[in-house]
Amino acid sequence: MADMEALKQESRIFNPSAELASQAAISGMDAYRALCDEAERDYEGFWGRLARENLSWQQPFTQVLDESDAPFYKWFGDGKLNVSYNCLDRNLENGNADKTAVIFEADGGEVTRLTYRELHGRVCQFANGLKSLGIRKGDRVVIYMPMSIEGVVAMQACARIGATHSVVFGGFSAKSLQERIIDAGAVAVITADEQVRGGKQLPLKAIVDDAFALGGCEAVRNVVVYQRTKGKIGWTEGRDLWMHELVAQQQDSCEPEWVESEHPLFILYTSGSTGTPKGVQHSSAGYLLWAALTMKWTFDIKPQDVFWCTADIGWVTGHSYITYGPLAVGATEIIFEGVPTFPNAGRFWDMIARHKVSIFYTAPTAIRSLIKAADADPAVHPDRYDLSSLRLLGSVGEPINPEAWMWYYKNVGHEKCPIVDTFWQTETGGHMITPLPGATPMVPGSCTLPLPGIMAAIVDETGQDLPNGQGGILVVKRPWPSMIRTIWNDPARFRKSYFPEELGGKTYLAGDGAIRNKDNGYFTITGRIDDVLNVSGHRMGTMEIESALVAHPLVAEAAVVGKPDETTGESICAFVVLKRPRPVGDEAKQIAKELRDWVGKEIGPIAKPKELRFGDNLPKTRSGKIMRRLLRVLAKGEEITQDVSTLENPAILDQLKHAI
């Protein structure tokens, strides 16, 4: 791992305001340390207390942690509960029945509000509809839906009857969908006729039909279709049915199916280093406990808050911080169908102003693209909007580079909102390392310290602890309740991927490199282990080089990959988006030299990119994730043969073929 001098020298520290700290769930570093000490002293007692205090149990547990079959850990094993009951019924019983649960804003701006009572009724009706189709506890249901109230209802309805859902992001191709339907052994698919994004109607049901045409989906008995646009779609009699017709005659009450703590709540597929998707399996009790706790700790959620997570339900962030976490704590939340740049790049700021959002949680990719938009058009700069309702900002999905952090802090939070820079993964179920808004002094670019009970460490390839200031591999030394339980249908791959024998077989391998600050012990994530470059024997995280590039005043966004090099073993290839039109010819050469020299100055000569490539954008999925695997192919000069159907902007690939 690299020396990370640029990040180690980051000296800007931002303390929580006294007012926020005094009212926070975890108030001050002494309170944080007290919780950490409790976990250290009595690990099982700590988690047992939190599970009893934060969840409603139909059958209380007597055993907290079962390690007898490590790494297949079991939490609260003899307890029973229902996730949907904990999210909805509890709010009917505790005085929240008429509180707004969801404010849904459609792509075109139409707004729908639902109270907890209304949401409970919708979930129960759909749960009864699923039961009428013969769907039972333990069945798997694939959900391929747009961002919508109906998507959340479908997930909650599955949880209510004990069916295990597997949500597939609405931007995935027919082939990707087919693979997931087959691997999960789904008996039903829930989808929509079309989805609406950026003013465009995009197919969903047609892609489901294409997935079936590829074969292997014979276990699916029904396809339930939410009518979003009334677009023309294909129809298979006896298999396909409309969602509104299915629920029309159903009662708005449904007794929850009480399930064991370890009952699989969902399977969520994530890409692996081999390219074949891994079905990450999560439990019911442990997962929900952490989703609720992190709402309270990380977001410091209050009854009057309006919470907005901009993620899609197709990703784990949308599971934990849209479908389950906010509802489990009785919050009011925004669900947004559209994209941040339609009808213009001020959409996020406009929505925050109109809905009086107090907690805003989005991705660095979105922030960087909105920085670029605001620089190009002052009319969509956040300064033009009333963002005074905000009290807390969050970042998720990838490390946020310090300059984007500062822009977010100054221009969106007006230097009064803490930024919770959250590190976590699909496999962890919820936040792992993050500042606490009422306790942790913040440092731009650092996710700071692990949450109480998360025994994170940095080790070398043999599992030996490394001193602060020396980069290595991020691990978690003790199991925790919301962790992945297994890879669906592939326990051997689960062991190999996450609990390798080289680390003793019981230590969780996060797959990320990290470094801890020598002075305060703060963690900084340096990139995936397979995104660590080895140039002439020097190891560098790609994130380090990307942060240096983006700190240059001309650069809006950058992605760095390695390419084979006969001399140095690996060389650095940087893909760069400028804050101005894409340069060509001599001008491109001049800017490329300037950027190389800049990186050399920021990190050291060894970190200078050997190649730079300029584009109008980077290849991204519709959720805004940069597809680095495609950049690696381009860097090698090879033809792209992988599926690019999830790309928002496939034409960008041609621009990025040419090196300067």
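Phe-76 has 0% relative accessibility and so counts as buried (under 20% relative accessible area; exposed is over 50%, partly exposed in between, with a 1.4 Å probe and protein chains only). The model is predicted: local features need pLDDT of at least 70, side-chain atom pairs count only at pLDDT 80 or more, and totals for chains, interfaces and linings use all residues. Residues are numbered from 1 along each chain as its sequence is written, and side-chain values use heavy atoms, with hydrogens and water left out.

**Aromatic pairs**

The structure holds 40 aromatic pairs. Rings of Phe, Tyr and Trp (its six-membered ring) pair if their centres lie within 6.5 Å; planes under 30 degrees apart count as stacked, over 60 as edge-to-face and the rest as tilted. Trp-57 and Phe-76 pair edge-to-face. This pair links distant parts of the chain, 19 residues apart. Trp-57 sits in the loop between helix 4 (43-54) and strand 1 (65-66). Phe-76 sits in the loop between strand 2 (74-75) and strand 3 (80-81). Helices (H or I, at least four residues) and strands (E, at least two) are DSSP runs, numbered from the N terminus. Trp-57 is buried, at 18% relative accessibility.

Phe-169 and Phe-172 also form an edge-to-face pair. Phe-169 is buried at 3% relative accessibility, and Phe-172 is buried at 16%.

| Pair | Centre to centre | Angle between planes |
|---|---|---|
| Trp-57 and Phe-76 | 5.9 Å | 70 degrees |
| Phe-169 and Phe-172 | 6.0 Å | 85 degrees |

Ring pairs also build a cluster. Its members are Tyr-43, Phe-46, Trp-47, Trp-57, Phe-61, Trp-75, Phe-76, Trp-290 and Trp-297.

**Helix crossing**

The axes of helix 7 (residues 149-161) and helix 12 (residues 316-328) come within 11 Å and cross at roughly 60 degrees. Helix 7 passes helix 12 in a right-handed crossing. Helix 7 contributes Val-152, Met-155, Gln-156 and Ala-159 to the contact (heavy atoms within 4.5 Å). Helix 12 contributes His-319, Ile-322, Thr-323, Tyr-324 and Leu-327. By class, the contact has 6 nonpolar, 3 polar and no charged residues.

**Met-455**

Met-455 lies in the loop between strand 20 (419-421) and strand 21 (456-459). Met-455 is buried, with a relative accessible area of 18%. Not counting residues up to four places away in sequence, Met-455 touches Ala-39, Glu-40, Tyr-43, Val-475, Val-476, Lys-477 and Arg-478. Tyr-43 also belongs to the aromatic cluster. The C-alpha atoms of Met-455 and Glu-587 are separated by 50 Å, and these residues are 132 apart along the chain.

Note on methods: Axes are lines fitted to C-alpha atoms, for helices over the stretch in contact, and angles run from 0 to 180 degrees between N-to-C directions. A crossing is left-handed if the near helix is turned anticlockwise from the far one by less than a right angle, and right-handed if clockwise. Ala, Val, Leu, Ile, Met, Phe, Trp, Tyr, Cys and Pro count as nonpolar, Asp, Glu, Lys and Arg as charged, and the others, Gly among them, as polar.
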